[in-house]
Amino acid sequence: SKNDACLYTMKVGNSFIQTVIHVDDYSVFHNNKTLCTQIFNALNAHYTLKRGPLNHFLGMRVARDSKSNVFTLDQEEYAVSVLKRFGMYDCRTVVCPETQLKLSKAQCPPNAQEETEMRDMPYSELVGYIQYLVVCTRPDLAHAASQVSRFMQNPGKQHWTAALRVLRYLRGTLTHKLHFSKSPVLATLVGFSDADHAGRPDTRRSHSGYICKINDTAVAWKSNRQRCV
């Protein structure tokens, strides 16, 4: 192990291959603290590790209130850095991340001039930042992210405006968090799903999504276009 890089040997068929995997952060969650200590000691015997309370993990902030026994996950610091990167920190906020206008391929650049202009726009970079927010802590951005991500190969001005609108919504909801609390009774799992009907103008495919919650806190979510008409 050197510079947080681990060398792994894997067997593929009859051959052995070695791969270097970069290790940034890792965390261990278990009710048995003794087991957590054993895992740490086993890894620390091979790699130089530091141990401490979990405050930040992969761009997420972890906070715990010992009195109420509630811990939260949020990406406020990450979101602020994204807003500043795209010059949107002082933007006018909106209450919804999506516009009523349906995005389609017809809004892609109609001529070479606009295509050249859009080539300089960091559209793919912006969509990537939005998608990471969705993956970690922001289910409310899932549908909007799914919409703008479909035009990363050839985005038009309206697609770019739609992506910036997500940032305008993000600016007004920086303090949104996922709250996890200990339940006095058996945890309750609830799921919701919905879909439109042939809502995509280009393909007439429907768009569907779901969200699953445990004790009123979202733990799994997805929004994507269906594979067939």
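Student: Where is Ala198 found in this model?

Tutor: Ala198 sits in the loop between β7 (189–195) and β8 (207–214). The model is a predicted one.

Student: Why is Ala198 called buried?

Tutor: Its relative accessibility is 15%, and buried means under 20%. Ala198 therefore counts as buried.

Student: What is the phi of Ala198?

Tutor: Phi of Ala198 is near 50°, a positive value in a residue other than glycine.

Student: Which phi does Arg204 have?

Tutor: Arg204 is not a glycine either, yet has a positive phi of about 60°. Arg204 also belongs to the loop between β7 and β8.

Student: What makes the pair Thr137 and Gln75 a polar contact?

Tutor: The two side chains come to 2.6 Å, and the limit for N or O atoms is within 3.5 Å. The pair is a polar contact.

Student: How do you know that the span of α4 is close to the expected one?

Tutor: Helix α4 (residues 123–136) has 14 residues and reaches 21 Å from its first C-alpha to its last. At 1.5 Å a residue, 20 Å is expected.

Student: Which residues of α4 are buried, and what do they pack against?

Tutor: Tyr123, Leu126, Val127, Ile130, Leu133, Val134 and Cys136 are buried. The buried residues of α4 pack against several elements, among them β4 (60–65), α2 (76–85), α6 (157–172) and β9 (217–225).

Student: Why do residues three or four places apart point the same way in an α-helix?

Tutor: Because an α-helix has 3.6 residues a turn.

Student: What makes Asn32 a cap of α1?

Tutor: A side-chain oxygen of Asn32 lies 3.0 Å from the backbone nitrogen of Thr34, at the N-terminal end of α1. Helix α1 itself takes in residues 33–44 and reaches 16 Å, close to the 16 Å expected.

Student: Why is Tyr26 called partly exposed?

Tutor: Tyr26, in the loop between β2 (15–22) and α1, has 35% relative accessibility and so counts as partly exposed. Tyr26, Val28, Leu35, Ile39 and Leu43 make a nonpolar surface patch of about 340 Å².

Terms used:
Residues are numbered from 1 along each chain as its sequence is written. This is a predicted model: local features need pLDDT of at least 70, side-chain atom pairs count only at pLDDT 80 or more; totals for chains, interfaces and linings use all residues. Side-chain values use heavy atoms; hydrogens and water are left out. Helices (H or I, at least four residues) and strands (E, at least two) are DSSP runs, numbered from the N terminus. The expected span of a helix is 1.5 Å times one less than its number of residues. Buried means under 20% relative accessible area, exposed over 50%, partly exposed in between (1.4 Å probe, protein chains only). Contact means heavy atoms within 4.5 Å. A polar contact is a pair of N or O atoms within 3.5 Å; within protein, one must be able to donate a hydrogen and the other to accept it, and residues adjacent in sequence count only if both atoms are side-chain atoms. Patches are made of residues with over 30% relative accessible area and no salt bridge: like charges are joined within 9 Å, nonpolar side chains (Val, Leu, Ile, Met, Phe, Trp, Tyr) within 5 Å. Accessible areas come from the Shrake-Rupley method with a 1.4 Å probe; for residues, only the protein chains shown count as cover. A salt bridge is a side-chain nitrogen of Lys or Arg within 4 Å of a carboxyl oxygen of Asp or Glu.
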